[in-house]
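Keep the sequence at hand.

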Amino acid sequence: MKRTLGTCYYPEHWSRDIWEEDAARMAALGLTWVRIGEFAWSRIEPSEGAFDWAWLDDAIEVLGAAGLKVVLGTPTATPPRWICDKHPDMFAVDAEGRPRGFGSRRHYCFSHDGYLNECRRIVTDVAKRYGRNPHIAAWQTDNEYGCHDTILSYSDAARQAFRTWLRARYPGQGNDGDIDALNAAWGNVFWSMEYDAFEQIDLPNLTVTEPNPAHVQAFRRFSSDQVVAFNRAQVEIIRQYSDAPISHNYMGRITEFDHFAVGEDLEIATWDSYPLGFLEDRVGASAEDQRHYARQGHPDFQAFHHDLYRAVGKDRWWVMEQQPGPVNWAPYNPAPLPGMVRLWTWEAFAHGAEAVCYFRWRQAPFAQEQLHAGLLRPDSVAAPGFFEAEEVAEELADAPDIGNSQAPVALIFDYDAAWAWDVQPQGQGLDYFALVFDLYRAFRRAGVSIDILPPTQRQFEDYRIVAAPGMMTVPDDLKSALTEASAHVLIGPRTAARDADFKIPVPLPPDWPALDATVSRLETLRPDMPIPVSGGGQVKNWFEHLEGGAEIVFTTGSDMPIVLRSGRTSYCGGWGDDAFFDRLVKDLCAQADVDVLALPKGVRVRDTATERFWFNHNPHDVDSPAGPLSPAGVIRQTLADKLDQVGG
Ligand code: GAL
């Protein structure tokens, strides 16, 4: 497939006089896509029922006439002031009971029916008007569900909707649910928390001490379902008027809703990649790595999301917003090392992206994002990112297509598990994403390419290793599918530790077919009390005491088992530091016949069926088996070279 480039453009921010020139410059740069419209509600419908389509008709025509394909966003992430005045209770409410205010974006509550109807109305109008427009080649619903902590809302609308959701989950006679079933499932006999009726159930905020984890987990599942329903409402409308593919732009390390479930309703998953913005407070990197990668971004964080969203998009995915220079919203906002904008773009393609679009075309001289770079400066002079985009466009013009391929290793990512860890972390700062990402990084350091899979996956053919760390609730048919798979399977810590209602199952976890291992006790560890692993590395954060007759693969310095194995199934009871996870990954790869590489720090590879891509995320030169790599260097190696030089 031919990979393409694009940008995000806001014609409503600029004088009409420069639209033609902007469009011509985009086309000359080699861009294919331009995303517009996603925040433009106040200009499309300045007051209720009074539409101004002329400017948007004109903008689409200007862009299309220049040969660009338009991705049109629905404007529902930014309800204008008049809508909020009409529905004063449509604001999301935070856990302290405070309504979010007007004056930025994403201030709506997903459960507010009045707002949902406004969305249906505007999406219908937009889709009717542009659904058959030849320049509209794709759609985007809303913008970044979950940005600014906006999935969980403790509003009255959410409370009512939650009760309805619970009735359906614990069905009884007629339309009412079975409250006794809910009480039993949640264990509400504890602390006299039993209910007589669904109308008594509140949202799990403002309790004296922690609420029942089963209650909170139910609320998390409900909140995710509200996002799915909100998105689906838009999709169903757009489909009536358009055949163009529909996408949504997801984010980095947002786990508050099930992206796989949203993705089921969409043709394309996109995500917004801000490698330097993420580095300081989303990656979880050490202070030393934050310094080392300050201008390059973490070498695994973007790759993880590329692999994740490839799965969410069922193999069709893009980067919808690529950082082109300094951003404005991170704790510190350095400029990228020269070459990194190019590297990030090629890395996305190597992981299978169909398109990479830069955010944004021109830096805005006004409002919240004044200090966020674009491809152009506010005075329309090209910024450094422009020239790197140009370089990629030129390289793409002559480059052979990039093939897709299945990786040897699969990692299951389960949003439900992320909520379960949030609900019951059992220790400060312990979360599911961090655990999965730590293991992912260890595979990457070993030079192994990875596919991320949804928890609904049941086919594991062709994988040599499948890992499902920390997946707290595992349905029986997934246990069976993993047991029957020919792959080596790695589970634990905390895999299968809870049933679907957040209870500890008996027999005790993991209760895994054909694995003679039981978690008899667990403890969490202060950061300053890691447990040494015999032979090297440490267990940090989380440590399970394991019993059973399975083979002992790794032990602590005092001979307690950390990893037990029966046949092809291994259970790891500890959250390893990098040194231990490196050993665990190498042991598994040896068992499963997966080749590993000795990569210099900051160098990563990604394999397709015919090629190996090498990326240098360091600010200095390195030697790689594929040849010298300059800072931000990229080498594209064909399979023949790969076999010759790396020795398979
Ligand atoms: C994204 C968002 C964009 C813009 C950008 C700035 O989160 O979708 O609208 O705000 O960040 O980096």
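Five bridges join β20 to β21 (residues 611–616), and the two run antiparallel. Helices (H or I, at least four residues) and strands (E, at least two) are DSSP runs, numbered from the N terminus. Strands pair if DSSP finds at least two bridges between them. Arginine 604 has phenylalanine 615 of β21 as its bridge partner.

This is a predicted model: local features need pLDDT of at least 70, side-chain atom pairs count only at pLDDT 80 or more, and totals for chains, interfaces and linings use all residues. Residues are numbered from 1 along each chain as its sequence is written, and side-chain values use heavy atoms, with hydrogens and water left out.

The open sheet has three strands in the order β20-β21-β24, with antiparallel pairing. β20 (603–607) and β24 (634–638) stand at the edges with a single partner strand each, so one side of each lacks a neighbour in the sheet.

Now the cavities. The structure holds five of 30 Å³ or more. On a 1 Å grid over the protein atoms alone, a cavity is a set of points where a 1.4 Å probe fits but cannot get out; lining residues have an atom within 4 Å of a point. Grid points are joined across faces, edges and corners, and a volume is the space filled by probe spheres set on the points.

The largest cavity holds about 60 Å³. Its lining includes Arg169, Trp186 and Asp501. Helix α8 (residues 213–241) gives the most to that lining, four residues. The second largest cavity holds about 50 Å³. There too α8 has the largest share of the lining, with three residues.

Note on methods
1 Å grid on protein atoms, 1.4 Å probe; cavity = no way out; pocket = protein on both sides within 12 Å on 5 of 7 lines; lining within 4 Å.
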